[in-house]
Amino acid sequence: MPLQEFHYRDSQLYCEDAALSAIAQAVGTPTYVYSASAIRENYRAYERALADVPHRIHYAVKANSSLAVLALLAAEGAGFDIVSGGELYRVLRAGGDPSTVVYSGVGKTAAELEYALEQGIGAFNCESEQELDMLREVAARIGAKPAVALRVNPNIDAKTHPYISTGLSEHKFGIGLQAAESLYGEAAKWSPLEFTGISCHIGSQIFDTSVFEEVLSQMLALAARLCASGLPIEGINLGGGLAVGYEQGQPSASIAGYCQMLSSAFAGSRFALGLEPGRSIVGQAGALLTSVLVYKQADRKIFLVVDGAMNDLLRPALYSAHHEILPVFDAGGPRLLCDVVGPVCESGDFFATGRELPACSAGDLLAVATAGAYGFVQASNYNSRPRAAEVLVDGEAFRIVRERETREDLVRGEAS
Ligand SMILES: *Cc1c(COP(=O)(O)O)cnc(C)c1O
């Protein structure tokens, strides 16, 4: 099963101790459902496995930026990795501590940098000389002395989907190793910026953790060289990227195993470890609950047209991503091969093709599994569809943490 927190009890699919049918009845569909316990448990798995080394986990906000998710992680003591001023605003609104925030991204604006400086965030992961210039200028103007880590592009193949691979020199991300080293060499020129760390992030959905070992050895060597040259490097941030299992029977990459490798590599080192996990914390903790609208028997196929669509969950259309489809009521019985598609006017609007599902009819509920990461955050109003509601489950209790959008919301701010 891809989702441990989503499980069957008497033929009914549950999230923790809440029946998904009860959630659908109370909140309607399409609705994202998240397990608070799963999110906490994944976060704690990182904390437990790294207990012996100085470290900070910066949850990657872009994976799932709902306030309730951020608040839950802030309460666990998590730090945050942001990629925009908007994400910083969300973190602060959710009660996150700005000093735990690191700011990544290739295209930060001067206004965003100023906002982040004013809020006193922990560090900037800078990705170009021009960004350093801009940050230096804004910092000097407002009298700040921000901590900076250059984001190094180690030119390593993360062996993942090309759209979520970021660590090759052909990608727009980071600064090549040599260029970064020469920028560090002119540290004095960049005052009042303080170069206190190095960072990287080579991609997402990475199963082969030997790739991280390779990156880590480069980063440790770089940090040692920079220290030897007199720079006060304190931290190495390895980014996020650990994979989760999307297919039936495919386990997620082990957080404990990954952290054990990191822990032994950092044992006795003078550097603190930073990580920016996103998907591995929230991916398995969420599902998109949707209802069958139409059972459509075409020439060679059965289409189940559901009320969720690519505007709610883009991953299948964007990355050809696989998501398991779980019937919310499953009494066994014969299976039919179905395509599960949305109502949007695009042939790319599908959740799954050729899946074995029990006979379904209009009104039946399905759950699109492993939708907690890069799900709602990529939702749009395409086809003028209001965005879905979000529900957080904790034990047998559940609550709406984002109202379903209304038709009024669709035209807010528009003039005719
Ligand atoms: C997206 C991103 C992450 C999180 O990646 P996951 O694969 O979700 O863990 C971390 N750091 C940076 C800079 C990112 O862009």
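Reply: Contact means heavy atoms within 4.5 Å. Arg151 touches Cys126, Glu127, Thr166, Phe173, Gly174, Ile175, Ser199, Cys200 and His201, not counting residues up to four places away in sequence. This is a predicted model, in which local features need pLDDT of at least 70, side-chain atom pairs count only at pLDDT 80 or more, and totals for chains, interfaces and linings use all residues. Residues are numbered from 1 along each chain as its sequence is written, and side-chain values use heavy atoms, with hydrogens and water left out.

Me: Why is Arg151 called buried?

Reply: Buried means under 20% relative accessible area, exposed over 50%, and partly exposed in between (1.4 Å probe, protein chains only). Arg151 has 7% relative accessibility, so it counts as buried.

Me: Which strand holds Arg151?

Reply: Arg151 is in strand S9, residues 147–153. Strands (E, at least two residues) and helices (H or I, at least four) are DSSP runs, numbered from the N terminus.

Me: Which residues make up domain 1 and domain 2?

Reply: Domain 1 covers 6–34 + 284–410, and domain 2 covers 36–280. These bounds come from an automatic or database domain assignment. The centres of the two domains, taken over C-alpha atoms, are 32 Å apart. Their contact takes 23 residues from domain 1 and 25 residues from domain 2.

Me: How much area is buried between domain 1 and domain 2?

Reply: Buried area is the accessible area (1.4 Å probe) that two parts lose on being put together, summed over both. For domain 1 and domain 2 the figure is about 2,100 Å², with carbon and sulfur atoms giving 52% of it. On the side of domain 1, Gln284, Tyr319 and Tyr374 lose the most area to domain 2, together 28% of what that side buries.

Me: What makes Asp394 and Arg40 a salt bridge?

Reply: The rule asks for a side-chain nitrogen of Lys or Arg within 4 Å of a carboxyl oxygen of Asp or Glu. In the pair of Asp394 and Arg40, the closest N and O atoms are 2.7 Å apart, and the pair forms a salt bridge. Across the interface of domain 1 and domain 2, the rule finds 1 salt bridge. The polar contact rule finds 13 residue pairs there (both at pLDDT 80 or more).

Me: Where is Asn155, and why is it called partly exposed?

Reply: Asn155 sits in the loop between S9 and strand S10 (175–176). Its relative accessible area is 43%, so Asn155 is partly exposed. Phi of Asn155 is near 55°, a positive value in a residue other than glycine. Most residues other than glycine have a negative phi, and most peptide bonds are trans.

Me: Why does Gln205 count as buried?

Reply: Gln205 has 14% relative accessibility, and therefore counts as buried. Gln205 lies in the loop between S11 and helix H8 (210–228), and has a positive phi of about 60° although it is not a glycine.

Me: Which residues does a cis peptide bond with omega of about -5° join?

Reply: That cis bond joins Thr29 and Pro30. Pro30 is placed in the loop between helix H1 (20–27) and strand S4 (31–35). The peptide bond from Ser191 to Pro192 is cis too, with omega near 10°.

Note on methods
A polar contact is a pair of N or O atoms within 3.5 Å; within protein, one must be able to donate a hydrogen and the other to accept it, and residues adjacent in sequence count only if both atoms are side-chain atoms.
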